[in-house]
Amino acid sequence: MRTLNVRLALILLAGIAVGGVSIYFFHYYQQKSHAGVFLEQAEEAKLAAEKAKKDKKIDDEAEAIKKQLKNLDWYLAFDPKNQDVSEKYALLLADHITDNQSFNKALTWLEKVVREDESRYKARQKLVGLLMSGGRYKDAKDHLTYLKNEAESKGNVKLKESKESDDKGDSESKDTEEDDSEPMPLPKLLEFLGVCQQAQSED
């Protein structure tokens with residue numbers, strides 16, 4: 001009788017364990033499914049922001065961007081290791097800084113992105129800009145040096161763009177400087193490195 005009770009107890013424990021694991025995986029996949037909804041809503045908010053910007057509806061654009069950030073934030077709570085979404089979130093934060101708190105949040109996320117994946121040049125370039133505006137020239141110099149080394153080692157045409165192509169006109173030059181979708185031209189990297197070195201020598 002005692003042996004039967006032991007067997008019964010073991011069977012019950014095994015059943016509970018299997019049931020617990022099943023519930024865990026069901027909950028996990030359910031969360032993953034919900035996370036996908038947040039990405040869809042973030043994309044809808046992005047399109048709404050672009051439309052509002054085109055229609056010059058400033059308040060609607062700001063509200064849509066806020067919604068986009070919120071949904072990306074919720075998604076990353078479920079899938080924090082998604083580097084593509086993390087970079088998108090960090091860049092969006094950096095593009096919509098309004099105060100010290102939002103500046104520090106953007107800085108933290110950009111540093112997280114490049115720390116976890118050093119090949120994220122968009123995030124690194126944006127990070128350089130924030131570091132320089134915050135007076136952290138040594139840190140900015142380290143990232144610029146990384147970008148410079150990458151430019152020289154890969155031989156990317158855009159990265160090795162000549163200085164002459166930077167002098168086609170003020171408006172075109174300004175657009176090039178603000179475009180983080182392309183690697184920064186090597187002459188511009190060297191220029192920023194010079195600024196950082198000078199700022200450090202003056203401290």
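**Exercises on the packing of helix α6**

The axes of helix α5 (residues 121-133) and helix α6 (residues 137-154) come within 8 Å and cross at roughly 150°. The model is predicted, with local features requiring pLDDT of at least 70 and side-chain atom pairs pLDDT 80 or more, while totals for chains, interfaces and linings use all residues. Residues are numbered from 1 along each chain as its sequence is written, and side-chain values use heavy atoms, without hydrogens and water.

**Exercise 1.** Classify the relative direction of α5 and α6, and describe their contact.

*Solution.* Axes are lines fitted to C-alpha atoms, for helices over the stretch in contact, with angles from 0 to 180 degrees between N-to-C directions. Because angles over 145 degrees count as roughly antiparallel, the crossing at roughly 150° makes α5 roughly antiparallel to α6. The contact (heavy atoms within 4.5 Å) involves Tyr121, Arg124, Gln125, Leu127, Val128, Leu131 and Met132 of α5, which face Tyr137, Asp139, Ala140, His143, Leu144, Tyr146 and Leu147 of α6. By class, this contact of α5 with α6 holds 10 nonpolar, two polar and two charged residues.

**Exercise 2.** Determine how α6 is directed relative to helix α8 (residues 186-202), and sort the residues of their contact by class.

*Solution.* The axes of α6 and α8 come within 9 Å and cross at roughly 155°, and the two helices are therefore roughly antiparallel to each other. On the α6 side the contact includes Tyr137, Leu144 and Ala151, and on the α8 side it includes Leu186, Phe192 and Cys196. Sorted by class, the residues of the contact of α6 with α8 are 12 nonpolar, three polar and four charged.

Definitions and conventions. Helix = DSSP H or I, 4+ residues; strand = E, 2+ residues; numbered from the N terminus. Parallel < 35°, antiparallel > 145°, perpendicular 65-115°, else oblique. Nonpolar A, V, L, I, M, F, W, Y, C, P; charged D, E, K, R; others polar.
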